[in-house]
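This report describes selected features of a protein model, with attention to charged pairs, sheets and helix packing. The sequence and structure are shown first.

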Amino acid sequence: MTPDVQAEAQFLAKANGVIAGIALAEMVFTEVDPSLKVEWTVRDGDLITKGQQFGTVRGAAQSILTAERVVLNFMQRMSGIATLTKAMAEAAKPARILETRKTAPGLRLVDKWAVLIGGGENHRMGLYDMVMVKDNHIAVAGGIQQAISAVDNYLNSKNLKIGVEIETRTLEEVQEVLHSVAQGKGRVTRVMLDNMVVPLENGDVDVSLLQQAVSMIEGKFETEASGNVTLDTVSKIGSTGVTFISSGALTHSVKALDISLNVDTELAIEVGKRTNRA
């Protein structure tokens, strides 16, 4: 294919969902060939439906085809994340949905961007912008009080003022955190209530343990529920009064949203209808 061959290609949705990655797609097209002209009929965060044409790119065919796979890889992954996040965020209200650091290697910024587009909120970006004291840290430190003291000493030595979250798995551990802070030890800002959502044989979940923990904390700290969070369970979890619900599945188990970029759009739609994908 010679560089002078011109083409026009259409973006086609092959499934319903939330579109994400438009801004990033424009960056890719510009990087490959600044002369490409891209137009959209939707914006990041809009709903798209199967069979909808929502964007056009015009210019050198060679450049369009060079950028095609990179653009689609980003858009399909980001739209899949945004679609699930949107559903989770709506179901979780009044609680707020967070992702975790369980993102694809090298794509953390992209994955977290997609969560924001879908209506979720970002958890910490790395190890530097929030302290999270997990079960293994507590075990190594010798207990919750020791772990809280160690974090406090470290932050003071480095003159750092960042949030501190501590993981708890039982009501006894929640009580330990409350006792330590009441004694003036540590500066905990959030308590993670991990695996306090108990799955039942009938497919439902028991959130009574989580509800007890939230009641014990009485709004002294932000609370974050984690474990057994699915689209089916998130509404019940959100009704307990927790501040946040975190879900690693938003990014580590994402199902890409089916999107294509077609020069011959009419044929693509015809084939899509035959396979129930347009």
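## Salt bridges

The structure, a predicted model, holds 16 salt bridges. Side chains of opposite charge can pair when their charged atoms come close. In one of these salt bridges, the side chains of Lys-112 and Glu-99 meet at 3.1 Å, N to O. Lys-112 belongs to helix α3 (residues 108–117) and Glu-99 to the loop between β6 (96–98) and α3, so the contact ties together parts that are 13 residues apart in sequence. Both Lys-112 and Glu-99 are buried.

A salt bridge also joins Glu-167 to Lys-134, with 3.5 Å between the closest N and O atoms. Because Glu-167 is in strand β8 and Lys-134 in the loop between β7 and α4, this pair ties together parts that are 33 residues apart in sequence. Is Glu-167 buried or exposed? With a relative accessible area of 2%, Glu-167 counts as buried, since the cut-off for that class is under 20%. Lys-134, at 29%, is partly exposed.

## A further pair and a network

Asp-204 and Lys-236 form a salt bridge whose closest N and O atoms are 3.0 Å apart. The pair links distant parts of the chain, 32 residues apart: Asp-204 sits in the loop between β10 (198–199) and β11 (205–206), and Lys-236 in helix α8 (residues 234–238). Asp-204 is partly exposed, with a relative accessible area of 34%, and Lys-236 is partly exposed as well, with 33%.

Salt bridges also link Glu-165, Arg-190, Glu-222 and Glu-224 in a network.

## Strand β12 and its parallel partners

Strand β12 (residues 222–226) is mostly covered, 4 of its 5 residues being buried. Strands of a sheet pair through backbone hydrogen bonds, either parallel or antiparallel. Strand β9 (residues 190–194) runs parallel to β12 and is joined to it by 5 bridges; within this pairing, Val-191 has Thr-223 of β12 as its bridge partner.

β12 also pairs with strand β13 (residues 244–246), again in the parallel sense, over 2 bridges. Here the bridge partner of Glu-224 is Phe-244 in β13.

## Helix α5

An α-helix has 3.6 residues a turn, so residues three or four places apart point the same way.

Just after α5, Asn-159 takes a positive phi of about 55°.

## The antiparallel sheet and its helices

An open sheet of 4 strands has the order β3-β5-β1-β14, with antiparallel pairing. Its edge strands, β3 (37–40) and β14 (259–262), each pair on one side only. From one strand to the next, the twist averages 15°. Strand β1 (residues 6–13) and β14 run antiparallel and are joined by 4 bridges, with Ala-13 opposite Ile-259 in β14.

Helix α1 (residues 22–32) packs on the sheet, where it touches β1, β3, β5 (53–60) and β14; the direction of α1 makes about 170° with that of β3. Helix α2 (residues 61–92) lies across β1, β3, β5 and β14, and runs at about 150° to β5.

## Val-32 in helix α1

Val-32 has its place in helix α1 and is partly exposed, with a relative accessible area of 34%. Which residues are in contact with Val-32, leaving aside its neighbours within four places in sequence? They are Ser-63, Thr-66 and Ala-67. The C-alpha atoms of Val-32 and Ala-104 are separated by 24 Å, and the two residues are 72 residues apart along the chain.

Notes
Residues numbered from 1 in each chain as written. Predicted model: local features only at pLDDT ≥ 70, side-chain atom pairs only at ≥ 80, totals over all residues. Heavy atoms only, no water. Buried < 20%, exposed > 50% of the residue type's maximum accessible area, 1.4 Å probe, protein only. Pairing = 2+ DSSP bridges. Salt bridge = Lys/Arg side-chain N within 4 Å of Asp/Glu carboxyl O. Axes fitted to C-alpha atoms, helices over the stretch in contact; angles between N-to-C directions. Contact = heavy atoms within 4.5 Å.
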